[in-house]
Amino acid sequence: MTADELLRRSIGGEIVAIGLAIAAIIGNAIWTAGNDRRLRSRMGTGRRLLLAAIEAPLADDQLDLLQRLGRRIQIRLLAELAPSLEGEQRAALSDLADRLGITARATTQCHSRWWWRRLYATRVLTLVDAGEDIMPALIRDPHPLVRAQVAEWASQHPSPSLLLALIALLDDTKRIARFAVQDTLLRIGRPSVPALIHALGTMGPVGIASGLIVAARLGDPDLLPLAVSFADHPAAAVRAAAGGVLAAIGGDVAVEALHRLVADPLADVRLAGARGLGRLEHWPSATVLLPLLSDPTFPVRREAALALTAMGAPGSLILRTALRGSDRFAADIAAQALGAERT
């Protein structure tokens, strides 16, 4: 076989291969377009049935039609609709999930040995607002994502016993679980305060600091004695977190405790104390913040200057005094706060 024949055969083979590839691409595009049309049609049918179901229970033939759409489409439709519903309409959606067998299936999957199946099941039960018999038992699940999902579910089911179990997760070793609990407690709001007060006294530093972050957002006066006591805690993270609660509540006792934080040997705690006084705009404390303008840690100096700025005229007077002083740190941060240049 000559070289020309080999070349022609090679080129012919490449042309055939390219043709097959183009045909495959076109065929896949046609199949995908058809599949998308079918999916859109099924989703449209499902949406109409779900909207009907929240107004009145579906007839058996309608329920059968919804069943034939498949579990994945059912869950997808529920995920679209559930966040916008509450009250009786949300209850109707939960009843529909029961009739479709979604709730029973998810409850069974909660016992799976595989964490991702348990996670999926807890998300479904959260979606359909069900699972009162199984979800509390998963609050101590071995996987942090499952624990976090149960914490989210608990925001709609804040029983006293579940609240205590939930608050115990503020001491969790995984940050994602702690964040989920903090978010849930903030959603629950004032009803979580008694349980929070009861539980924080028995926790380690991580749990206490996590709980005090929640307490600072809640700002409930009942939390003040707790915050004052934790302002003297051996752990710096706890003392700093206590500063946020003291600033949120305020009052003479809170200011006195913040003064102790300003004099703390650790920078993070001094920063929290200065921030707290600034948030309260407690102008009589302006002189207390003067030494922090010379602090060896820049974030502390900056926070002290911001706090003095928030205190109005008394704070500005302290900053101008520092600006004219001999301490370079104090003069520079005062200049930044006053928007002036050191001369």
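Before we start, one term: when I say two residues touch, I mean heavy atoms within 4.5 Å. Keep in mind that this is a predicted model.

Overall picture. The protein chain has 19 helices and 0 strands. There are 343 residues, and 44% of them are buried. Now take the contacts with a separation of 6 or more. Of these, 61% join residues 24 or more positions apart.

Leu261 sits in helix H14. Is Leu261 buried or exposed? Its relative accessible area is 0%, so Leu261 is buried. What does Leu261 touch, leaving out residues up to four places away in sequence? The list is Ala231, Arg239, Gly243, Leu246, Val269, Arg270 and Gly273. Look at Arg239 in that list. Leu261 and Arg239 are 22 residues apart in sequence, yet 7.4 Å apart in space, C-alpha to C-alpha.

That residue takes us to two helix pairs. A quick reminder: two packed helices are described by the angle between their axes and the distance between the axes.

Pair one is H13 and H14. Helix H13 covers residues 236-249, and it packs on H14 at about 150°, with the axes 10 Å apart. Angles over 145 degrees count as roughly antiparallel, so H13 is roughly antiparallel to H14. The crossing of H13 with H14 is left-handed. Who makes the contact? From H13, Arg239, Gly243 and Leu246. From H14, Ala254, Ala257, Leu258 and Leu261. By class, the contact of H13 with H14 has 5 nonpolar, 1 polar and 1 charged residues.

Pair two is H14 and H15. H14 runs over residues 252-262, and H15 over residues 267-280. The angle is about 145°, and the axes are 7 Å apart. This crossing of H14 and H15 is left-handed. On the H14 side we have Val255, Leu258, His259, Leu261 and Val262. On the H15 side we have Val269, Arg270, Ala272, Gly273, Ala274, Gly276, Leu277 and Leu280. The class count for H14 with H15 is 9 nonpolar, 3 polar and 1 charged residues.

Stay at the end of H15 for a moment. Glu281 is in the loop between H15 and helix H16, which is 286-289. Most residues other than glycine have a negative phi. Glu281 has a positive phi, near 50°. Where else does a positive phi turn up? Asp129, not a glycine, has a phi of about 55°. Asp129 is in the loop between helix H6, 115-127, and H7. With a relative accessible area of 28%, Asp129 is partly exposed.

Which residues of H8 are buried? Leu162, Leu163, Leu166 and Ile167. These four cover an arc of only 135° around the axis, so they lie on the same side of H8. What do the buried residues of H8 pack against? Three helices: H7 at 144-154, H9 at 175-188 and H10 at 193-200.

Next, H10 and its partner H11, residues 205-218. They pack at about 155°, with their axes 10 Å apart. That angle makes H10 roughly antiparallel to H11. H10 passes H11 in a left-handed crossing. H10 supplies Val193, Leu196 and Leu200. H11 supplies Gly207, Ile208, Gly211, Leu212, Val214, Ala215 and Leu218. By class, H10 with H11 has 8 nonpolar, 2 polar and no charged residues.

One more residue in H11: Ser210. Its relative accessibility is 6%, so Ser210 counts as buried. Leaving out residues up to four places away in sequence, Ser210 touches Leu170, Arg178 and Gln182.

Last stop, helix H17, residues 298-310, where we find Arg302.

Conventions:
Residues numbered from 1 in each chain as written. Predicted model: local features only at pLDDT ≥ 70, side-chain atom pairs only at ≥ 80, totals over all residues. Heavy atoms only, no water. Axes fitted to C-alpha atoms, helices over the stretch in contact; angles between N-to-C directions. Left-handed = near helix turned anticlockwise from the far one by under 90°. Nonpolar A, V, L, I, M, F, W, Y, C, P; charged D, E, K, R; others polar. Buried < 20%, exposed > 50% of the residue type's maximum accessible area, 1.4 Å probe, protein only. Arc of directions from axis to C-beta. Parallel < 35°, antiparallel > 145°, perpendicular 65-115°, else oblique.
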